[in-house]
Amino acid sequence: MDDNLNILIDLLKKHAKAESVQALVQWDQETYMPEGAGEFKSEQLAWLSALVHEMHTGEPFKKVLEKVVNLYTGDVLNSNADKEEKRLLYLIWKDYHYASVLPRSFVEDFSFLTSQSQQVWAKARANNDFKLFLPYLEKIVDMCKKQADYYGYKTTPYDALMEQYEPGVTTQQVESLFSELKSGLLELLDKIKNSNEKLDDHLLKESFDTAHQWAFGLEVIEKMGFDMTKGRQDRSAHPFTTGFHPTDVRITTRVYENDMKSAFFSTVHEAGHALYEQGLPVEHFGTPFGQAASYGIHESQSRLWENMIAKSLPFWHYFYPRLKEYFPILQKTSVEAFYKMINMVKPSLIRIDADEVTYSLHIMLRFEIEKMLINEELNVSELPDLWNAKMKEYFDLTPPDDKMGVMQDVHWSMGSIGYFPSYALGNLYAAQFLKKAVADIPGFWETIQMGEFAIFLQWLREKIHVQGRRYNPLDLVSSVTGQKLSPKPFLQYLNTKYHEIYKL
Ligand code: CO
């Protein structure tokens with residue numbers, strides 16, 4: 001390997017260590033920080049982010065980088081470099097390009113605007129006052145358009161924004177995947193609505209001891225393979241996962257006494273993310289080969305475990321006796337009845353409460369609106385009406401107010417436009433991976449039913465986790481499954497599962 005590449009990797013590893021300290025401070029802010037420390041925490045973070053940014057884009061890094069790649073095009077200068085080295089250098093250049101192409105003043109303005117906007121959004125949402133949030137969202141949309149111009153794009157500005165989350169996936173590709181997905185989901189949803197099988201999950205809203213919920217969740221994720229010597233779970237207002245290093249991965253959740261599903265499935269979801277982080281190749285820490293492939297691939301791991309494994313009947317054949325020990329209230333309920341309760345389908349107003357069948361529809365609605373905002377000059381003031389019209393079209397529901405409608409998600413206030421498609425792509429990736437795993441592993445569902453998750457985890461490790469960013473998401477799917485990404489495996493998975501549950 002080129003000497004300069006070794007120097008570059010060394011600088012990247014130092015940068016990654018600094019970045020992990022920044023992430024640790026963020027984690028602290030969301031978990032254990034005393035209330036009065038808010039302002040000092042912001043100062044720590046502002047100082048750290050400037051330092052981290054400088055380590056990545058400053059002269060010392062640039063000087064080494066320009067010896068190995070053309071800074072303007074990303075072309076590798078050493079013609080003898082092998083394929084792997086070329087890919088690595090391209091990714092290093094691309095990250096540098098994205099980090100350095102935005103002028104410092106733009107970065108500062110954007111960070112100031114979004115930190116203000118998040119506070120205004122929280123207030124506007126609480127008071128159901130979209131007009132309060134409107135001027136901030138207008139500025140965010142303007143700045144996101146500028147950001148897209150700085151990044152550059154071939155077809156539409158929305159492509160440039162999505163590239164941050166789902167590299168190599170274009171707006172047009174998402175449109176075509178979503179259109180097939182949409183008709184398949186609406187068809188299934190229609191059948192479910194007209195089914196005579198009416199499900200009822202009120203039992204899960206009875207009283208469930210929170211300490212027992214916590215203990216049971218931990219027991220399950222340890223069994224799944226979450227290494228408690230290299231990770232832990234804490235409480236936070238909103239569940240999240242953060243990996244400082246493959247040997248230190250933190251997940252969080254919150255527990256509600258009157259909602260048994262909430263904490264458990266969030267714990268499994270975050271554990272799915274965490275298994276990916278613990279499985280990233282430690283020897284590549286700090287370089288693109290030691291990082292996750294994309295937001296959507298990350299989401300595929302969490303959704304695989306949360307929905308496809310932990311909401312399956314074989315999974316509960318194994319865990320249900322243990323669950324009943326923790327919660328005698330379930331004593332009279334059969335595992336089949338419990339399985340139906342956790343898989344009840346019901347169109348709802350709120351994305352984060354959505355079931356597997358309707359979830360992706362919530363994402364499509366946001367994708368359509370975001371494209372209009374970024375590519376088509378849609379006026380931000382028209383958002384509430386447009387939102388409600390689309391809710392009617394997709395779910396035949398009308399939000400009673402903007403709090404339950406257009407203002408429900410934090411993403412836009414954070415400036416994260418282009419992020420939503422990754423959630424639904426995660427569902428598609430997950431189903432395609434699962435289909436292949438079931439074909440590769442003899443007696444797949446029997447292993448799940450016996451509580452033996454190691455074989456499946458090993459499969460995920462080899463095929464996905466250790467690959468880091470060697471492949472773009474769409475190439476990773478093709479290389480793992482031998483097929484191009486398609487909505488069909490996900491639709492097949494849902495149809496099989498829900499035809500049985502709803503006796504369609
Ligand atoms: Co997630």
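## Salt bridges between the two domains

Across the interface of domain 1 and domain 2, the rule finds 2 salt bridges. The model discussed here is a predicted one. The elements that contribute two or more residues to the side of domain 1 touching domain 2 are α1 (3-30) and α4 (83-100). Of these, α1 supplies the largest share of that side, with 10 residues. By residue class, the side of domain 1 that touches domain 2 comprises 10 nonpolar, 2 polar and 6 charged residues.

Side chains of opposite charge can pair when their charged atoms come close.

## Domain layout and interface

The chain is divided into domain 1, covering 3-126, and domain 2, covering 202-349 + 440-470. Taken over C-alpha atoms, the centres of domain 1 and domain 2 are separated by 30 Å.

Contact between the domains involves 18 residues of domain 1 and 19 residues of domain 2. Together, domain 1 and domain 2 bury about 1600 Å² between them, and 63% of this area lies on carbon and sulfur atoms.

## The cobalt site

The cobalt ion has three named protein donors: His 269 through NE2, His 273 through NE2 and Glu 299 through OE. These donors lie 2.2 to 2.5 Å from the cobalt ion. Along the chain, the donors of the cobalt ion follow the spacing H-x3-H-x25-E.

The pair His 273 and Glu 299 links distant parts of the chain, the two residues being 26 residues apart. His 273 belongs to helix α10 (residues 260-279), whereas Glu 299 belongs to helix α11 (residues 295-309).

## Salt bridges in the whole structure

The structure as a whole holds 27 salt bridges. Among them is the pairing of the side chains of Asp 28 and Lys 41, which meet at 2.7 Å, N to O. This pair also links distant parts of the chain: Asp 28 lies in helix α1 and Lys 41 in helix α2 (residues 38-57), 13 residues apart.

Note on methods. Residues numbered from 1 in each chain as written. Predicted model: local features only at pLDDT ≥ 70, side-chain atom pairs only at ≥ 80, totals over all residues. Heavy atoms only, no water. Domains from an automatic or database assignment. Contact = heavy atoms within 4.5 Å. Buried area = accessible area lost by both parts, 1.4 Å probe. Salt bridge = Lys/Arg side-chain N within 4 Å of Asp/Glu carboxyl O. Helix = DSSP H or I, 4+ residues; strand = E, 2+ residues; numbered from the N terminus. Nonpolar A, V, L, I, M, F, W, Y, C, P; charged D, E, K, R; others polar. Donors = N, O, S within 2.8 Å, 3.2 Å for Na, K, Ca; no water.
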